[in-house]
Amino acid sequence: MPTSSTSPSPSAPAGFSLAGMVEGVRLSLPMVPGILMAAGAVGAASAEKGLSLGEATLMSFLVYAGASQLLALQLWPSTWTWPALAALVLVVFAVNLRLVLMGAALQPYLARGMPRGTPYLALVTLTDANFVIGSRYSADGGRDTGVFLGAGLFMWLIWVVATVPGHVLGYMLTDPRRFGLDLVMPLLFTIMAVGLFRLKRDRLVWPVAAGVAVVTAQLVSGYWFIIVGAVAGSVAAGLFRRHD
């Protein structure tokens, strides 16, 4: 669980600095084991699907999509057809829709410290991990947007590099559940996210989002429960805010 050696100062001017990027790297370090395992699984799945080492590494560099990248490889057809391509795109699109909400949540923090338009470039590095890091840092009063970008670029590098041993090791990591490794990242996210729930409203939103997601997963196949749960949580937060 990342902690700050020095608490961010709310009175500090908003901006972007190299020191902030270094701080973002430091806050990312607890995430590294989980990223290594997930990227290794992507490399192994790429090898299983017949991608060369160069293709697998290039995919991690260009896509950098974590869970949806692994999901796309699991759905990778032996023979490409238009329906198979459309199905893969639809599933990946559904899984990644959460990034729209995450980007919107980060907009106030990023817009204050970056020139107009540049936050969109920084959001290229957006993942679940640096979303939590940026959100916690901003909630603590931090205003240096270098923290978000530094964390994102560092984990992007780790992601690409870790794809290589995963591809070389091959099938041993294709199923992280065999070793319980699939729990590493969710547990880290949960620990970090708990620090964000400081208001009564936040604590009430959590069970609403989780409950709706669980019910949706039981009723609707695929990964729509991620989006439905996230939207339900957002709507609940808006409704609870009116009563604060």
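The secondary structure of the chain comes to twelve helices and zero strands. Helices (H or I, at least four residues) and strands (E, at least two) are DSSP runs, numbered from the N terminus. The model is predicted: local features need pLDDT of at least 70, side-chain atom pairs count only at pLDDT 80 or more, and totals for chains, interfaces and linings use all residues. Residues are numbered from 1 along each chain as its sequence is written, and side-chain values use heavy atoms, with hydrogens and water left out.

Of the 244 residues in the chain, 41% are buried. Buried means under 20% relative accessible area, exposed over 50%, and partly exposed in between (1.4 Å probe, protein chains only). A contact is defined by heavy atoms within 4.5 Å. Among contacts in the chain with a separation of 6 or more, 78% join residues 24 or more positions apart.

The largest nonpolar core has 37 residues. Such a core is a set of buried Ala, Val, Leu, Ile, Met, Phe, Trp, Tyr and Cys residues joined through side-chain atoms within 4.5 Å. Leu-106, Tyr-109, Phe-148 and Met-155 have the most contacts inside this core. At least two of its residues come from each of H1 (18–28), H2 (32–48), H4 (67–74), H6 (98–113), H8 (128–139) and H9 (146–169). Helix H9 gives the most, with eleven residues. Beyond four places in sequence, Met-155 touches Ser-28, Met-31, Ile-35, Tyr-64, Thr-127, Ala-129, Asn-130 and Ile-133.

Tyr-64 sits in the loop between helix H3 (53–63) and H4. Its phi is near 45°, a positive value in a residue other than glycine. Tyr-64 is buried, with a relative accessible area of 9%. Trp-156 also counts as buried, at 17% relative accessibility.

Aromatic pairs were counted next. Rings of Phe, Tyr and Trp (its six-membered ring) pair if their centres lie within 6.5 Å; planes under 30 degrees apart count as stacked, over 60 as edge-to-face and the rest as tilted. The count by this rule is four aromatic pairs. Tyr-64 and Trp-156 form a stacked pair, 5.2 Å centre to centre with 5° between the planes. Tyr-64 lies in the loop between H3 and H4 and Trp-156 in helix H9, so the pair ties together parts that are 92 residues apart in sequence. Phe-61, Tyr-64 and Trp-156 form one aromatic cluster.

The second largest pocket has a volume of about 160 Å³. On a 1 Å grid over the protein atoms alone, a pocket is an open set of points where a 1.4 Å probe fits, with protein on both sides within 12 Å along at least five of seven lines; lining residues have an atom within 4 Å of a point. Grid points are joined across faces, edges and corners, and a volume is the space filled by probe spheres set on the points. The lining includes Leu-51, Glu-55, Leu-58, Met-59, Val-63 and Trp-76. H3 and H4 are the elements that give two or more residues to this lining. H3 gives the most, with four residues.

Helix H11 (residues 200–219) holds Thr-216. Thr-216 is buried, with a relative accessible area of 10%. Leaving aside neighbours within four places in sequence, Thr-216 is in contact with Trp-224, Phe-225 and Val-228. The C-alpha atoms of Thr-216 and Gly-229 are separated by 7.9 Å, and the two residues are 13 residues apart along the chain.
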